[in-house]
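The following exercises are to be worked with the sequence and the three-dimensional structure at hand. Each task is followed by a solution in steps.

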Amino acid sequence: MSSPGIGAPDSGALKLPPFSLDVQALDLGGEVKAVGLELLETENREPVRGKDAAEIWSAVFPALAGSGPYTVDFFSHIERVREFCKMREITLREAAERCVVLPQPNQERLRQIFERFEGETFGFRAGVAAQSPDAALESDLSKRGLDAYQAAYSRYDFCAICEPEDGWMTLLSETLWSSEVIRRVRPAVLPYDIYISRPN
C-alpha cells in the first residue's frame, strides 16, 4: 500500500488521496492468468477519466514494461487512429486489415493516446516479442479484437486490455502477479497522490 493518508487539521479524520488504484488477481477461468487494475476516485469510487487518468495510465504502462519494448494495438476506428498519429507525428505500423500498431510511444505520446481514445478499447503488449511484428496475433486482432490476446499472451511479458473510460485495465501475464504489479507501478505513480490497494 502507498500513501496511507494524512490527518485533516483539527478533524481527527484521515484525508485519503484523491485517487485509488486497486490491483487484484482475476479469475478468468481455465489457465488464464490475469491481474486487474482499476483507477478510481477514492471518495465516490467512480472511474478516473480525462487528463488525470491519461497522465496516470501513461506513467503506469512504461513502468510495467520496464526497460523492455512495448506496442499499442488498435483494431477499431482505424482511420481516426491514423489521422491522430499523422497529425502528431506518432510512428504507426499497418499490421493487418483492421489492426494498426504504435511501436514504443513515449510517455507524452501515451498520455495523448489515453486522452484522445479514452472511449475506445485498445491493447498494449510488452516484452522482447513486442519488438518484432507478430503477424499471427495481429491478424487475429483484426478479426477477433482483444480476445486474440488469450492465445498469445504467454509469448509476452504481458498483454493488456485497456478500457480507460471504465478506469479498468486487464493484464494477461504468466510472470506478473498483483504484488509485482504494485512493486513496478508504485514509484511511477508517486507524483499523482494515489492510494494503491489490493482489495482481495
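A residue is buried under 20% relative accessible area, exposed over 50%, and partly exposed in between, with a 1.4 Å probe and protein chains only. The model is predicted: local features need pLDDT of at least 70, side-chain atom pairs count only at pLDDT 80 or more, and totals for chains, interfaces and linings use all residues. Residues are numbered from 1 along each chain as its sequence is written, and side-chain values use heavy atoms, with hydrogens and water left out.

**Exercise 1. Backbone angles**

Task: Determine the phi of Gln104, and state where this residue is placed.

Solution. Step 1: Gln104 has a positive phi of about 50° and is not a glycine. Step 2: Most residues other than glycine have a negative phi. Step 3: Gln104 is located in the loop between strand 7 (99-103) and helix 3; helices (H or I, at least four residues) and strands (E, at least two) are DSSP runs, numbered from the N terminus. Step 4: With a relative accessible area of 38%, Gln104 is partly exposed. Step 5: Arg45 also has a positive phi, near 60°. Its loop runs between strand 4 (33-41) and helix 1, and at 41% relative accessibility Arg45 is partly exposed.

**Exercise 2. Nonpolar cores**

Task: Identify the residues with the most contacts inside the largest nonpolar core.

Solution. Step 1: Such a core is a set of buried Ala, Val, Leu, Ile, Met, Phe, Trp, Tyr and Cys residues joined through side-chain atoms within 4.5 Å. Step 2: The largest has 44 residues, and Leu37, Trp57, Phe61, Phe74, Phe124 and Leu171 have the most contacts inside it. Step 3: Helix 1 (residues 50-65) supplies the largest share, eight residues. Step 4: A second, separate core has 17 residues, including Cys99 and Val101.
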